[in-house]
Amino acid sequence: MRTAIIRQKLHQFIETAEEKKVKAIYALFEDEIAQDEWEYTDEFKADLDRRFSYYKSGGKMVGAKDANKQINELLKKGKKK
């Protein structure tokens with residue numbers, strides 16, 4: 001069975017399962033779920049705000065195509081060393 005179908009079946013099951021079963025499933029994965037949650041630091045938020053303000057004021061941006069080109073060039077240089 002494909003993963004997408006399994007996810008869909010699990011989702012449907014959880015949506016209609018008894019409270020006791022939902023809590024049991026959650027208990028199985030609680031540690032992993034907690035690891036996926038994070039909070040941004042104030043420093044990181046400030047940096048994002050600074051970058052967004054730069055973008056909104058017409059700052060120079062690099063598109064995905066150009067960024068990939070630059071990354072590939074750097075990777076090629078790294079392999080030559």
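**View 1. Helix 1 gives the nonpolar patch its largest share.** In this predicted model, helix 1 (residues 3-16) brings 5 residues to the nonpolar patch, the largest share. The patch covers about 610 Å² of surface, and its members are Met1, Ile5, Ile6, Leu10, Phe13, Ile14 and Val22. Take a look at Phe13, which sits in helix 1.

View 2. Around it you'll find Arg7, Leu10, His11, Phe13, Ile14, Val22, Ile25, Tyr26, Phe29 and Ile33. Sort the lining residues by type and you get 8 nonpolar, 1 polar and 1 charged.

**View 3. Lys23 and Glu19 pair up along helix 2**. Side chains of opposite charge can pair when their charged atoms come close. For the salt bridge between Lys23 and Glu19, the closest N and O atoms are 2.9 Å apart. The two residues are 4 apart in helix 2, about one turn of the helix. Lys23 is exposed at 54% relative accessible area, and Glu19 is exposed at 56%.

**View 4. Asp47, Arg50 and Arg51 form a salt-bridge network**. Asp47 bridges to Arg50, with the closest N and O atoms 2.4 Å apart, and to Arg51 at 3.2 Å, N to O. Both pairs lie in helix 3 (residues 42-56). Asp47 is partly exposed at 22%, while Arg50 is exposed at 53%. The whole structure has 3 salt bridges.

How values were computed: Residues numbered from 1 in each chain as written. Predicted model: local features only at pLDDT ≥ 70, side-chain atom pairs only at ≥ 80, totals over all residues. Heavy atoms only, no water. Patch = residues over 30% accessible without salt bridge, like charges linked within 9 Å, V, L, I, M, F, W, Y side chains within 5 Å. Areas by Shrake-Rupley, 256 points an atom, 1.4 Å probe, with all protein chains shown as cover. Salt bridge = Lys/Arg side-chain N within 4 Å of Asp/Glu carboxyl O. 1 Å grid on protein atoms, 1.4 Å probe; cavity = no way out; pocket = protein on both sides within 12 Å on 5 of 7 lines; lining within 4 Å. Nonpolar A, V, L, I, M, F, W, Y, C, P; charged D, E, K, R; others polar. Buried < 20%, exposed > 50% of the residue type's maximum accessible area, 1.4 Å probe, protein only.
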